Amino acid sequence: MNPKLPYVLLVGAAVVIFVLSCMLLSRGRQSPSCESQPHIVEKTGSTSQSLVFADLTPEEMAQVVRYLRGNLGVQLVDASRAKPSDNCIASVDVQVPAKAEVLRFLDGGGARPPREALAVLYFGNQPDPNVTEYVVGPLPTPVYHRDVTVQKYGGKVPYHRRPMLGSEYKQVGAFLEMMAFAAAPTFLKEVFEYDGTNMAFQTTAPHGFQSGDRKSWFIVFQNVSGFFVHPVGLEVLVDHSSLDISRWAVSRVFYNGQYYRDMVQLESAYVQGRISVEKVRKVPQDGDFSSMKPRAPSAALFPLQYEPQGPRYSVRSNHVLFQAWSFAFGMSVSRGLRLFDIRHKGERVAYEISIQEALSVYGSNCPGGMSTRYMDGSFGIGRYTSPLVRGVDCPYSATYVDTHSLSETLSPSKKKASLCIFEQNLGSPLRRHYSNLQSLYYGGLVNSALVVRSIATMGNQDYIWDFIFYQNGAIEGKVQATGYTSSSFLHGDGLRYGNRVWEHTLGTIHTHSINYKVDLDVGGVKNSLVAHDMAFEMTRAPWSPEQQIERPRLTKKVLDTEDQAAFRLQSKMPRYIYFAANSKNKWGHQRGYRIQITSFAGDHVPEASSMERAISWARYQLAVTRRKEEEPTSTSIYNQNDPWTPTVAFANFINNETITNEDLVAWITTGFLHIPHSEDIPNTVTVGNSVGFLLRPYNYYDLDPSIYSHDGVFFTSEQDFTACDINPIACLPKTASCLPNFPPFTYDGFQNM
């Protein structure tokens with residue numbers, strides 16, 4: 001062996017170690033942590049001004065409750081424990097000031113409007129039970145309250161119209177278990193192996209057939225994960241109209257296609273062998289086929305997005321700033337996510353964009369399913385906004401915002417991370433062109449947009465609510481539906497009303513209708529509604545008169561009354577319909593914002609229906625009306641439980657008033673028909689179940705404003721497109737080579753249930 005060999009090997013090893021160390025150190029220098037702070041400077045006062053729209057703080061809610069308990073002269077029971085015969089606070093929300101007051105403050109240097117709350121109270125413990133709404137103020141230290149019920153609704157709100165409290169659901173559940181079920185012990189034990197814990201109930205609404213009714217079908221399911229698709233064939237109609245719980249009674253019972261007077265008659269028929277029994281296989285607690293537990297192990301990680309130089313937007317209090325956009329956001333207890341004072345390039349384009357209602361109309365050959373018309377605003381779209389799971393419900397690095405509410409309790413509650421805001425690279429160009437004729441060049445702009453999102457879980461259904469802001473001045477309102485499909489027990493002619501999705505489970509046909517309020521202010525408060533479309537005209541070719549040409553031409557029409565601006569759901573609507581300003585762009589056109597709707601809604605309930613007026617907003621895919629403070633919403637939380645005498649009937653908003661050069665509101669309805677199928681098991685996917693609308697500049701600017709975006713890319717064949725100063729995309733290996741600052745995963749969705 002050569003005696004020098006060990007030394008040579010040692011020197012070689014040292015060189016290798018030195019080279020590897022240099023590479024690792026170099027890599028470390030190239031991969032620092034990404035920046036996490038936004039690089040945005042807000043105008044002084046912009047955040048402060050947006051607070052005029054801000055949701056109530058927990059401290060303000062507590063002050064309102066304290067004031068009401070001390071100044072109404074009646075005992076107020078905690079709604080979470082209230083009986084129907086008690087007085088209680090159902091909800092407390094912010095009372096948004098009148099638009100004229102707000103605009104004087106925002107634009108005219110006027111005084112800040114007083115901050116007030118709207119409190120909804122149930123008065124069951126008095127000779128004339130009713131629901132009363134009070135405006136309480138000024139906050140943070142209230143000294144007055146005004147009864148605004150008659151002013152808003154034209155009269156008192158009868159007590160039977162009140163939305164059901166959680167405590168009432170619990171009381172009905174206890175009645176079913178302790179009173180109703182006690183009358184049929186043999187049937188329940190032998191058919192369902194009932195042990196007092198293995199049944200779950202789902203209510204239906206509305207509660208009856210006429211004003212004053214409070215009779216609800218309760219559908220019985222196996223009490224397992226995803227119970228919504230585990231019906232057992234039993235449904236019970238409970239009359240809970242009396243304020244005295246001891247007087248509640250079973251009005252009817254349905255089992256496997258047959259109706260019975262009550263549980264006693266059902267038990268008797270079973271014991272005598274006069275019932276056709278359809279035994280349902282008992283499933284494990286995880287729900288078996290309804291379990292959402294993945295059937296495959298984790299593998300390679302899915303793609304993630306990150307912000308190499310920190311967020312390009314800011315969120316301060318309820319104010320958001322993103323590139324040329326700014327707006328305020330909030331969360332209504334009943335209606336959910338809403339936006340105010342939406343501005344692009346400093347100019348207001350919309351005063352308010354808000355969710356109004358989510359309606360579902362079901363079909364079935366079972367009583368609960370066939371009578372269901374859920375109006376989710378009555379239950380509380382904002383109240384049931386759910387905590388978001390980082391990395392699934394929203395991008396991992398999104399900004400997560402807590403929301404607070406006071407509903408059916410005396411204390412405010414916090415929903416952690418129940419709203420998210422993020423910028424998203426949509427993976428496609430907003431615009432682009434590759435030129436290989438005459439000159440050679442490429443020009444493009446990545447489609448990166450800001451998304452504001454909340455997700456409401458309304459029983460079985462999950463609605464993903466998005467408002468999206470694009471760099472070209474467009475705004476999108478979008479809703480995606482997921483969650484579990486509602487179901488009925490499969491029997492008889494059930495397949496007329498849906499598809500069989502499991503052994504005894506009928507996925508029932510139903511419609512989803514979503515209503516939005518869009519208060520556009522295009523170039524100012526006063527706007528007109530204009531329709532542009534096309535028509536073919538026949539003409540002779542000027543250069544060859546013997547030849548005929550069919551050419552499309554532009555058609556124009558000003559829609560000058562509310563009746564002309566109300567477009568029925570399945571009717572033909574002008575393809576370009578826009579709010580027109582009194583100002584013009586450089587080219588002489590009225591500046592405008594176009595409304596473009598994406599929908600494949602099912603048919604509307606026939607207008608001959610006794611309850612149709614309560615949901616008459618759903619007659620129209622678009623209706624434009626004069627804006628009025630006394631018409632703030634298209635529906636009411638009280639319509640669900642008395643649709644036969646609706647507290648608010650949207651049809652009354654449309655009375656042929658002129659809408660030329662007026663402050664206008666667009667009421668947009670979008671939706672889809674859902675015929676559940678086997679792929680809705682275990683639950684429904686969002687793909688194909690997305691609808692909404694776009695608000696797009698239409699001659700509002702002199703050219704596309706996104707041309708001023710810092711994200712644009714342009715290079716020619718004669719340029720060095722690998723140079724950073726020519727093509728910023730070429731710099732990504734340097735500017736984006738950082739490690740994302742992903743915070744530890746946390747989730748508070750199972751706290752304080």
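So, is tryptophan 217 buried or exposed? At 11% relative accessibility, tryptophan 217 counts as buried, where buried means under 20% relative accessible area, exposed means over 50% and partly exposed is in between, with a 1.4 Å probe and protein chains only.

Quick housekeeping. This is a predicted model, so local features need pLDDT of at least 70 and side-chain atom pairs count only at pLDDT 80 or more, while totals for chains, interfaces and linings use all residues. Residues are numbered from 1 along each chain as its sequence is written, and side-chain values use heavy atoms, with hydrogens and water left out.

Okay, back to that tryptophan. The structure holds 40 aromatic pairs; rings of Phe, Tyr and Trp (its six-membered ring) pair if their centres lie within 6.5 Å, and planes under 30 degrees apart count as stacked, over 60 as edge-to-face and the rest as tilted. Tryptophan 217 and tyrosine 259 are edge-to-face, because their ring centres are 6.4 Å apart and their planes sit at 70°. Tryptophan 217 is in strand S7 and tyrosine 259 in strand S10 (residues 258-260), so this pair ties together parts 42 residues apart in sequence. Tyrosine 259 counts as partly exposed, at 42% relative accessibility.

Now take phenylalanine 650 and phenylalanine 653: centres 5.0 Å apart, planes at 55°, so that pair is tilted. Phenylalanine 650 is buried at 1% relative accessibility, and phenylalanine 653 is buried too, at 5%.

There's also an aromatic cluster made of Tyr463, Trp465, Phe467, Tyr516 and Phe693.

Some rings have a charge over them, meaning NZ of Lys or CZ of Arg is within 6 Å of the ring centre and within 35 degrees of the ring normal. Arginine 591 puts its charged end over tyrosine 700, 4.0 Å from the ring centre. Arginine 594 does this with tyrosine 576, at 3.6 Å.

Last stop, helix H6, residues 166-180. Helices (H or I, at least four residues) and strands (E, at least two) are DSSP runs, numbered from the N terminus. H6 has 15 residues and reaches 20 Å from first C-alpha to last, close to the expected 21 Å; that expected span is 1.5 Å times one less than the number of residues. Its buried residues include Val172, Phe175 and Leu176. Among the elements covering the buried residues of H6 are strand S7 (215-222) and helix H8 (263-271).

And for context, an unreviewed UniProt entry lists residues 162-257 as "domain: Copper amine oxidase N3-terminal". That stretch is 24% helix and 30% strand, with end C-alpha atoms 32 Å apart.

Methods: Contact = heavy atoms within 4.5 Å. UniProt positions renumbered as here; feature names shortened; annotations may be inferred.
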